[in-house]
There are 2 protein chains.
Amino acid sequence: MANPLCQNARVSSNLGLPNPKEDFSGWYNELVVKADLADHSAVRGCMVIKPHGYALWELMQRALDDMFKATGHVNAYFPLFIPKSFLSREADHVEGFAKECAVVTHYRLKADPNGGGLIVDPEAKLEEELIVRPTSETVIWNTYAKWIQSYRDLPLLINQWANVVRWEMRTRLFLRTAEFLWQEGHTAHATYEEAEEEALTILNECYARFAEEWMAVPVVKGLKSENEKFAGADHTYCIEALTQDLRAIQAGTSHHLGQNFAKAFDCKFVNRENQLEYVYATSWGVSTRLIGTLIMAHSDEKGLVCPPKLAPIQVVIVPMGRDDATRERTHGASDSMAAELRAQGVRVKVDKREKESPGFKYNYWEMRGVPVRIEVGPRDLDAGTCVIARRDNGEKQTVALAEAVATAARLQTEIQQAIYDRALAFREANTRRVDTWEEFEAAFAGEGGAGFVLAHWDGTGETEDAIADKTKATIRCIPLQPLDPGDAEPGRCVLTGKPSKQRVIFAKAY
Amino acid sequence: MANPLCQNARVSSNLGLPNPKEDFSGWYNELVVKADLADHSAVRGCMVIKPHGYALWELMQRALDDMFKATGHVNAYFPLFIPKSFLSREADHVEGFAKECAVVTHYRLKADPNGGGLIVDPEAKLEEELIVRPTSETVIWNTYAKWIQSYRDLPLLINQWANVVRWEMRTRLFLRTAEFLWQEGHTAHATYEEAEEEALTILNECYARFAEEWMAVPVVKGLKSENEKFAGADHTYCIEALTQDLRAIQAGTSHHLGQNFAKAFDCKFVNRENQLEYVYATSWGVSTRLIGTLIMAHSDEKGLVCPPKLAPIQVVIVPMGRDDATRERTHGASDSMAAELRAQGVRVKVDKREKESPGFKYNYWEMRGVPVRIEVGPRDLDAGTCVIARRDNGEKQTVALAEAVATAARLQTEIQQAIYDRALAFREANTRRVDTWEEFEAAFAGEGGAGFVLAHWDGTGETEDAIADKTKATIRCIPLQPLDPGDAEPGRCVLTGKPSKQRVIFAKAY
């Protein structure tokens, strides 16, 4: 049987990738396909998530789902379709939210009387068009209004794992696709304070922890400016990461929605004082975009570098040997190592393909981001050793066979930490503070990304727009904790010179 | 915080259900909502799966997913949308498959120039309409044609968990909804024999085992007649269960697709003899309909009866006490039992609500199908005992506190077996063999279901249609193993008197 995790292995050639330092965009696009993470589909802007990419997503889902449940949430499922009129109910939501949606207008096909194909049956037109959900606040709050009557029905702490569709004009695999997979939490609370606590719990206990502890991606936790917040939110929190081409990427958002959606869908409850009041809400989401974030934070010219905690295969064992007798020995040694690793909960694969050379296999599994490789050759076995190679830094070491399993297991922890440390050092080296407009313009003068630039801002949307017009830099967030104590001190806006309470992060963004 | 599994507990009243013996349909519809499994949504035919129902679905998914992976399958994800022209490619598929689909014709909304709402932007019309997938053979085989070149790329053993949409006119929660959740496996093979083995592996090792060992629902494994097979399949296997109102319900299907889709999407491979050949295929699926099956197989006038292996809550502990001092004792004893049960992997809930009476709580958790209840009252504690009640048969026993945990854990296994045995005995009592048309017509004369009727059939679609016209009974399957040895012996068709190879199962079906 073919290798189940990369069943269609032979389709992607292993001919190498563009140099990410010269062509980051081309490098990314090729890596996604060659590492068997995703592929383009016949439907414009929609992707196929391939088995190796989906295995990564399943590990992400499992970790996040555990975190949501540990913080008191449950899962449910709401309809894919939203009546068109629902989208108009919340004024800011309809005004600010993308109107590029997939619109269902008919519910039947019929045989074309003039030919062999199918046509849309004109008699099967819907009275009201349905929108494929771009996000589910409206359909969920329409339901919550039925479910919530009293403070005793609160809080509702519900999450859903779902597909959503936003008809993006320019798409890129994982980063921006017409259809993507995500989770969306939608919670209902009796007080503003409780909703605020919820939005921050998700940001701190789930999203930031997941990014840092699982994805090994350091993130800044911050507040979005009014211009950048979710349309319909009171305010939006986010986590922002830095890619290797020095752009910011938003990895997750947590919105305090205030009473906006409750008002739009007339969702009131009887509070403890026996008065009718509108319910407070949050919503929060992360998506398959996290896979794009992970790739852009860690990977290299050889392919994916995957943090061990999320690697579908954590250890690959490559037994060598050109004849049956030799293979019997190396396969036997490899199988017993694999069994020991599996018993310790390590996800392991023994690559016994006979027609591919060891070199081919090394490249193959490096492309797919396997953190640790064990090479088992006949001379190694004679010497009672094997070779262990790290994906993150390419280091190889010869270890005694008896130590191999312990070493491979220990390296999982070491590599997880090492790639986090490297990403953090990279971010720190590419974070600077700028105080004059000249410096600011110079920082963002090039075509590419410019890292995180911490500067003062007068707090107005007009200034933010003016800065974006001049430099393409936008405010990624207002950090909740200063990256450096001085960042929290007041100053003067880098463009207008007006007073500023603290530095904010500017960057070019994905 | 509200109970997270039934956060909106107070919405559903506990006022009891219709008698299932008198009004099975009304009983089912009310049970689904009152047991917090699902709810109707604002979108015609689309359901909201509520947290308790979704928790059940998650347990089903986990068990099935483990089975798929144990048999060598991996997950992936394919697009929600299918270009309209794809649906016309496989002639039988387009001819026989329901044309009731959600059709996306536009990709943008805009503000209505004549009012405050949104209208569909007439300028954003798609060149080719997109269909929301009713099933994914076409879009997947379009992709496989890119992935498969050689026998070395085979087999491809891929599954996806997804939502699908079929615009059903008459919908019922879980049984038939416009949108539902399912898994669909799509595999590609080098030979007919290997595809056949795959279709049977899924039927035997996954679907039938899951139905019997997890859902505690006995099923007949069989082959569909030509009339009933999947449009586009060479042949279709299925598992069929019997509901308490004596109807058949199809719980899962596994299709051998032959080379039909490979031909439609020009998917050829170079075989071992270096010749180009079309790929062989299977597809197979089970859906949220399984929840409907489970309800109809086991539940009663008090609500859901859930097999312990799939129960979101397996043990509920109800501590009593009208004053703080008493509650301190009963809560303490309950918490320590709960901790012990959790340590053994039992899903347990302590219901400490103060405003609800014990009787209310008993009804409440019986409605939601919790298999075992432990009642902890102050007098019980004085006597060093507690009361344990079974959901399946209502039996109560007083046990020593020291035995409570072991008893509650042991009852999980006993109840799982007991409800399976009961369902099997029920099916056997309602399976009969009929040899004359008079008897056959009499068997199906009433409005309701008539159990499984094993009769001879001449093997033609015309006869099957004629029988259905006269009696509303259809062939549910041709059993792969005879239920009774005599069923495999030849005979004469119950309608036409023509020769028949074996008895087949007739029933009225959901």
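Which residue is the bridge partner of A:Cys238 in β13(A)? The legends below refer to a predicted model, and the second of them takes up this residue.

Figure 1. The contact draws on 83 residues of chain A and 84 residues of chain B. Together the two chains bury about 7,100 Å², and 63% of this area lies on carbon and sulfur atoms. Across the interface there are 8 salt bridges, and 34 residue pairs are in polar contact, with both residues at pLDDT 80 or more. Helix α2 of chain A (residues 51–70) supplies the largest share of the side of chain A that touches chain B, namely 6 residues. By residue class, that side of chain A comprises 48 nonpolar, 15 polar and 20 charged residues. A salt bridge between chain A and chain B is formed by the side chains of A:Glu100 and B:Arg108, with an N to O distance of 2.8 Å. Strand pairing also links the chains: strand β5 of chain A (residues 103–106) runs antiparallel to strand β5 of chain B (residues 103–106), and 3 bridges connect them. Within this pair, A:Val103 is placed opposite B:His106 of β5(B).

**Figure 2. The open sheet of 11 strands in chain A.** The strands follow the order β3-β9-β10-β16-β13-β12-β11-β24-β27-β23-β22, and their pairing is mixed. Strands β3 (74–75) and β22 (431–433) of chain A form the edges, each of them pairing on one side only. Strand β12 (residues 235–242) and strand β13 (residues 248–258) of chain A are antiparallel and are joined by 8 bridges. The bridge partner of A:Cys238 in β13(A) is A:Thr253, which answers the opening question. Helix α8 of chain A (residues 289–298) packs on this sheet, where β12, β13 and β16 (280–287) of chain A are touched by the helix. The direction of helix α8 makes about 145 degrees with that of β13(A).

**Figure 3. The open sheet of 5 strands in chain A.** Here the order is β18-β17-β19-β20-β21, again with mixed pairing. At the edges stand β18 (348–350) and β21 (396–400) of chain A; each has a single partner strand, so one side of each is left without a neighbour in the sheet. On average, neighbouring strands of this sheet are turned by 25 degrees against each other, direction ignored. Strand β17 (residues 315–319) and strand β19 (residues 372–376) of chain A pair in the parallel sense, with 5 bridges between them. In this pair A:Pro319 lies opposite A:Val376 of β19(A).

**Figure 4. Helices α9 and α12 of chain A lie across strands of chain A.** Helix α12 (residues 401–429) lies across β17, β19, β20 and β21 of chain A. Its angle to β20(A) is about 10 degrees.

**Figure 5. Cis peptide bonds at A:Pro155 and B:Pro155.** In chain A, the peptide bond that joins A:Leu154 and A:Pro155 is cis, and omega is about -5 degrees. A:Pro155 belongs to the loop between α5 (137–147) and β9 (156–165) of chain A. In chain B, a cis peptide bond leads from B:Leu154 to B:Pro155, with omega near -5 degrees. The loop that holds B:Pro155 lies between α5 (137–147) and β9 (156–165) of chain B.

**Figure 6. Positive phi values at A:Asp266 and B:Leu246.** A:Asp266, a residue other than glycine, has a positive phi near 50 degrees. This aspartate is located in the loop between α7 (260–264) and β14 (268–270) of chain A. For B:Leu246, likewise a residue other than glycine, phi is positive and near 70 degrees. B:Leu246 is located in the loop between β12 (235–242) and β13 (248–258) of chain B.

Conventions
Residues are numbered from 1 along each chain as its sequence is written. Chains are lettered from A and ligands numbered from 1 in the order in which they are written. Side-chain values use heavy atoms; hydrogens and water are left out. Contact means heavy atoms within 4.5 Å. Buried area is the accessible area (1.4 Å probe) that two parts lose on being put together, summed over both. A salt bridge is a side-chain nitrogen of Lys or Arg within 4 Å of a carboxyl oxygen of Asp or Glu. A polar contact is a pair of N or O atoms within 3.5 Å; within protein, one must be able to donate a hydrogen and the other to accept it, and residues adjacent in sequence count only if both atoms are side-chain atoms. Helices (H or I, at least four residues) and strands (E, at least two) are DSSP runs, numbered from the N terminus. Ala, Val, Leu, Ile, Met, Phe, Trp, Tyr, Cys and Pro count as nonpolar, Asp, Glu, Lys and Arg as charged, and the others, Gly among them, as polar. Two strands pair if DSSP finds at least two bridges between them. Axes are lines fitted to C-alpha atoms, for helices over the stretch in contact, and angles run from 0 to 180 degrees between N-to-C directions.
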